[in-house]
Amino acid sequence: MTVLKTSFRNFLAHKGRMALSAIAVLLSVAFVCGTLVFTDTMNATFDKLFASTASDVAVSPKKNDDAQETGKPQTLPASLQGRLAQVPGVAKVEPHATSQQITAATAKNKSISPTSGAPTVGTNWDESQKKSVEITSGHEPHGATEAVLDADTADKHGLTTGDKLRVIAAPGDFSVTIVGIATYRTTNPGAAVLYFDTPTAQTKLLGTAGEFSSYGLTAASGVSDEQLKKDVTAAVGTGYTVHTAAETKAENKKDVGSFLDVMKYALLGFAGIAVLVGIFLIVNTFSMLVAQRTREIGLMRAIGSSRKQVNRSVLVEALLLGVVGSVLGIGGGIALAVGLMELMGSMGMKLDTSELTVKTTTPVVGLAIGVVVTVLAAYLPARRAGKISPMAALRDAGNPADGKAGTVRAVIGLVLSAAGGAALVAAAQSDDASAGSGMLGLGVLLTLVGFVVVGPLLAGFVVRVISTVVLRVFGPVGRLAERNALRNPRRTGATASALMIGLALVAALSVVGSSMVASATEQLDKSVGADFIVQSENGPLSPAAVTAVKSARDVAHFSEYTIVHAKVTTPDGRTATQRLSAVSPTYADDVRAETVKGKLADAYAEDAMSVPEGFAEDHGIKIGDRLTVAMVDGRTAKLKVNAITSDDTSIDKGAMYTDIATAKRYLPADKMPLDAMVLAKAADGKAKEAAESLKAAVAEYPQVKVRDQADYKQLIKDQVGQLLNMIYGLLALAIIVAVLGVVNTLALSVVERTREIGLLRAIGLSRRQMRRMIRLESVVIALFGALLGLGLGMAWGVTAQQLLALQGLGVLDVPWPTITAVFAGSAVVGLLAALVPAFRAGRMNVLNAIATD
Amino acid sequence: MTTAVSIPRTGGSGGRTAAAARARQVLKAYGSGETRVVALDHVDVDIARGQFTAIMGPSGSGKSTLMHCLAGLDTVTSGQIFIDETEITGLKDKKLTQLRRDRIGFIFQAFNLLPTLNAIENITLPMDIAGRKPDKQWLDRVVETVGLAGRLKHRPNQLSGGQQQRVAVARALAARPEIIFGDEPTGNLDSRAGAEVLGFLRRSVDELGQTIVMVTHDAVAASYADRVLYLADGRIVDEMQHPTADMVLERMKNFDARGRVS
């Protein structure tokens with residue numbers, strides 16, 4: 001009981017000193033709980049949405065992954081409707097004509113498709129739609145020129161009834177007038193939705209008057225979904241996909257659900273890093289509190305407390321800290337989730353905060369993480385507290401003794417770092433991607449742990465070096481700061497290590513990211529001869545768009561590029577479905593794939609093709625062999641292998657080229673897949689004119705983008721940059737926790753050095769000099785952490801690049817501006833971290849500080 | 001109650017006025033109303049230049065407060081304090097800090113040295129902070145006087161208590177301040193080490209012309225001084241010139257007889 005009481009009093013007495021540790025626990029727990037609440041809410045939202053749209057039983061075409069991507073949805077015959085209506089237990093059959101591959105443009109040729117990656121859906125308006133939406137203004141669509149638009153999209157683009165839209169669908173473009181606005185009853189997950197009357201949807205979206213994309217069945221009362229599914233399957237055979245409402249829901253949910261899972265685990269991963277960094281902070285806090293309380297603990301021991309009791313009293317304090325931090329963290333997590341939902345809302349995904357889903361496991365997990373981590377982190381300091389001898393009470397405690405970094409630590413740290421370094425070298429030289437990545441992981445882990453262990457020893461050396469360079473300018477104050485940073489290497493090491501972790505990841509990723517950009521750029525320069533790449537933002541190019549592209553002037557040639565699915569039988573007798581790149585022969589100039597045998601141009605001869613090096617080796621294919629190529633939904637061709645391409649590339653790696661004309665000969669026109677892209681080469685000296693002409697040609701197709709090589713490089717750079725920025729943003733959490741650690745160490749040091757500060761002030765150190773001294777100490781710690789982190793991270797990044805060179809990441813590019821900025825930024829962060837501790841040190845009352853007890 | 005006898009200063013940094021420090025009607029009170037405690041009750045005192053002055057008195061007599069006020073470490077409620085001709089009451093922190101740095105030396109009872117700096121670095125610290133170059137000759141002489149020549153590269157934790165206090169004395173002397181304040185500088189030392197330190201202080205007054213003010217409750221320590229001031233209840237109640245330990249002890253017994261505990 002007394003133990004609990006002393007712990008409790010200590011905890012309250014040192015509220016301030018515990019505050020930063022509590023914030024670290026709070027942040028980590030909040031991040032974990034926020035992630036859980038957010039993903040749970042998203043899941044619940046989608047469940048509700050899919051439940052509201054799912055029919056009791058749905059009949060749809062059998063999914064065929066091998067089908068050619070013609071851009072037209074697969075359809076069911078109209079006759080099926082009658083047969084389904086005959087099935088006993090079917091109360092109602094609702095035919096659907098839906099396409100998710102449409103684009104709609106406003107009168108100003110602006111796309112209304114969501115930018116979040118959600119689809120633009122066109123469907124027929126019927127009774128079943130009323131389950132999920134209601135028409136809040138205007139009326140239902142009638143006839144070929146009327147459509148209803150969902151309210152969120154209408155809001156976003158300022159569209160109302162009466163406005164015109166041009167719909168670009170696979171069968172062709174058509175214009176409609178918005179006659180109504182439909183508002184979701186449940187949460188709109190962000191898709192743009194257009195409703196047409198049924199005949200319009202059939203003809204304009206599916207391209208065939210009599211057919212539908214699926215049928216929704218309502219079960220008669222007393223008939224279960226499972227029973228109905230069985231009966232329907234019995235009646236219409238196994239040629240169709242028949243799903244109950246539950247199965248439909250699960251099917252719809254599959255993609256979203258796995259995306260949410262990936263997101264959840266990624267976020268939890270970053271939370272984990274923050275937790276790891278928080279551990280350093282908590283260990284430091286308790287170590288310092290125990291050190292400062294040495295005399296007090298000695299007294300407790302002298303008057304009869306057992307080691308165990310002292311030990312326990314520290315752990316109980318940790319427990320209290322963990323509980324307080326976690327409880328606040330859980331609250332913070334919910335707030336964070338709400339914030340995230342608002343953020344999604346601003347990106348077009350309207351989530352209703354009233355749907356906030358907090359599962360009981362969320363607070364349990366949050367509390368468990370917070371408490372376990374805190375208590376574990378406090379365990380070592382608690383043990384050290386237990387070991388304090390009763391004699392400590394009698395000694396003049398003065399300042400805690402300088403923690404000498406031991407030889408054991410040095411040996412272990414160096415061995416771990418060396419082993420990690422060896423693993424990294426092995427990974428860099430590895431020829432085998434999977435073994436190499438294992439080595440890389442091992443190397444990263446070992447060097448990280450090694451650096452953390454050896455950190456206090458490095459502190460001695462590195463801090464001296466940094467001081468020589470940075471602090472000497474500041475004269476005696478700089479020297480005082482240097483000595484302070486050096487006096488307790490273990491503390492400095494732990495504080496800097498926390499910062500090191502986050503910055504190492506930043507450095508590693510920046511090296512990999514910029515190497516990716518540099519490699520892609522080099523590859524583009526080396527092998528791409530085309531001046532322009534024309535692609536659609538959502539899926540393949542519609543035939544109308546391709547026609548429009550080809551109307552551009554000042555172009556030397558256009559190359560179409562499409563993917564044809566075919567079953568390929570090789571001379572070794574094996575058959576597998578392959579994706580053939582069916583391209584215009586001019587493509588050989590646009591993407592100069594290197595061949596190991598034969599000439600690439602010959603691959604575009606009649607009934608000819610090329611195969612990649614690896615494929616040729618695996619199947620024993622030689623130049624001149626004829627492969628049996630059975631086009632899916634088409635006829636079988638015998639194609640002669642005229643070229644074998646090199647695998648040492650990152651553009652079109654593993655592609656099998658054939659002339660698009662060859663593909664067309666063996667495929668019926670309606671089964672010919674749409675072009676994935678069109679490349680264009682400008683006529684000599686007409687690059688500018690060609691670009692303008694191309695852009696003008698596709699002006700009516702807002703989803704179609706024309707990019708020249710520079711644009712394309714920028715696109716790659718932007719995409720990599722965006723990804724990196726997102727990761728940096730998430731790593732910021734770990735870095736913030738580490739900065740809190742620096743603040744914490746400094747704040748506790750200031751308290752610990754009250755007497756010294758008083759002495760310095762008494763003998764004439766001005767407030768300004770005092771503040772500068774604290775700030776410089778902080779800067780040195782931060783720079784030390786940054787140096788370790790950036791060094792370690794760059795080593796990781798370079799290793800990863802060497803390893804990924806196998807996958808085409810051939811160019812190493814160390815982004816020195818980023819690295820330098822991070823290093824300089826660390827100094828700024830150090831200054832900021834010292835703001836409050838320095839202020840307090842400056843304000844410290846000289847008399848209180850020097851008063852002898 | 002100004003009873004100080006001013007003795008013209010000889011040596012040192014050259015005198016301007018006879019008194020190195022003066023207090024005029026200094027009142028120091030804590031709290032207000034019923035809880036008001038008067039630590040210094042309109043004290044007038046002159047600290048003679050080139051002299052070793054001891055301030056004695058029972059616990060709570062205000063002797064430490066007087067020293068802190070004279071040294072510019074503490075503020076007064078009313079009254080004036082001068083260091084030489086400079087009035088320090090009312091000075092802003094910045095000026096006051098500069099004054100302490102450039103014109104005053106300190107020796108505390110304990111914790112005089114920065115543990116991160118070695119002996120010589122501690123000794124030159126006030127000058128380093130001020131950005132002044134120490135006078136090499138003078139520094140050598142001070143170091144030699146306090147007998148630390150062989151231990152200048154040692155850290156405080158490698159020095160004995162007596163040695164640490166000697167480093168503190170050297171630091172106070174090295175900057176050639178106008179006045180040195182000692183707050184029980186030998187309070188934590190055994191008698192032999194204490195005697196050494198006091199011996200140095202005495203010699204620095206005799207040989208270097210230094211002005212020293214020391215608070216102590218030890219009669220033997222006070223006997224090294226030229227003059228002893230007695231404080232009780234925040235007032236100077238007595239003083240003694242050229243004291244011996246026995247005389248001081250006798251005087252202190254008087255306090256005890258009146259029911260005061262030292």
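Two residues are in contact if their C-beta atoms, placed from the backbone, lie within 7 Å. Keep that idea in mind for the views below, which come from a predicted model.

**Figure 1. Chain A as a whole, a chain of 853 residues.** Among the contacts in chain A with a separation of 6 or more, 85% join residues 24 or more positions apart. Chain A comes to 25 helices and 21 strands. Its C-alpha trace spans about 100 × 70 × 50 Å along the principal axes. Of its residues, 50% count as buried.

**Figure 2. Two annotated domains of chain A, as named in UniProt.** The unreviewed UniProt entry places "domain: MacB-like periplasmic core" on residues 19–234 and 492–692 of chain A. Within residues 492–692 of chain A, you will find 34% helix and 32% strand, and the end C-alpha atoms are 60 Å apart. The unreviewed entry also lists "domain: ABC3 transporter permease C-terminal", at residues 270–390 and 730–845 of chain A. Take a look at residues 730–845 of chain A: this span is 84% helix and 0% strand, with its end C-alpha atoms 41 Å apart.

**Figure 3. A sheet of 4 strands in chain A.** Follow the strands in the order E2-E10-E1-E11 of chain A; the sheet is open and its pairing is antiparallel. Which strands stand at the edges? They are strand E2 (90–96) and strand E11 (240–244) of chain A, each of which pairs on one side only. From one strand to the next, the twist averages 20 degrees. Strand E1 (residues 57–61) and strand E10 (residues 214–219) of chain A run antiparallel and are joined by 3 bridges.

**Figure 4. Helices H3 and H6 of chain A lying across strands of chain A.** Helix H3 (residues 79–86) of chain A lies across E1, E2 and E10 of chain A. The direction of H3(A) is at about 165 degrees to E2(A). Helix H6 (residues 225–236) of chain A lies across E1, E2, E10 and E11 of chain A. Here the angle to note is the one with E11(A), about 165 degrees.

**Figure 5. Helices H7 and H14 of chain A, packed together.** Helix H7 (residues 245–292) and helix H14 (residues 489–527) of chain A pack with their axes 9 Å apart, at an angle of about 170 degrees. Angles over 145 degrees count as roughly antiparallel, so H7(A) is roughly antiparallel to H14(A). Residues that make the contact include A:Ile273, A:Leu276 and A:Phe280 of H7(A), along with A:Ala494, A:Ala498 and A:Ile501 of H14(A). Sorted by class, this contact has 9 nonpolar, 4 polar and 1 charged residues.

**Figure 6. Helix H21 of chain A and the glycine just after it.** Is helix H21 mostly covered or mostly exposed? Helix H21 (residues 754–762) of chain A is mostly covered, with 8 of its 9 residues buried. Among the buried ones are A:Arg755, A:Glu756, A:Ile757 and A:Leu760. Just after H21(A) comes A:Gly764, which takes a positive phi of about 115 degrees.

**Figure 7. A partly exposed residue, A:Ile412.** You can find A:Ile412 in helix H11 (residues 407–429) of chain A. Why does A:Ile412 count as partly exposed? A residue is buried if 20 or more other C-beta atoms lie within 10 Å of its own, and exposed if 12 or fewer do; A:Ile412 has 15 C-beta neighbours inside 10 Å, so it counts as partly exposed. A:Gly450 is 38 residues away from A:Ile412 along the chain, while their C-alpha atoms are separated by 7.5 Å.

**Figure 8. An open sheet of 6 strands in chain B.** The strand order in chain B is E6-E7-E8-E3-E9-E10, and the pairing is mixed. Strand E6 (104–107) and strand E10 (235–241) of chain B each have a single partner strand, so one side of each is left without a neighbour in the sheet. Neighbouring strands are turned by 20 degrees against each other on average, direction ignored. Strand E9 (residues 227–232) and E10 of chain B pair in the antiparallel sense over 6 bridges. Within that pair, B:Val228 stands opposite B:Met240 in E10(B).

Conventions. Residues numbered from 1 in each chain as written. Chains lettered and ligands numbered in written order. Predicted model: local features only at pLDDT ≥ 70, side-chain atom pairs only at ≥ 80, totals over all residues. Axes fitted to C-alpha atoms, helices over the stretch in contact; angles between N-to-C directions. Helix = DSSP H or I, 4+ residues; strand = E, 2+ residues; numbered from the N terminus. Parallel < 35°, antiparallel > 145°, perpendicular 65-115°, else oblique. Nonpolar A, V, L, I, M, F, W, Y, C, P; charged D, E, K, R; others polar. UniProt positions renumbered as here; feature names shortened; annotations may be inferred. Pairing = 2+ DSSP bridges.
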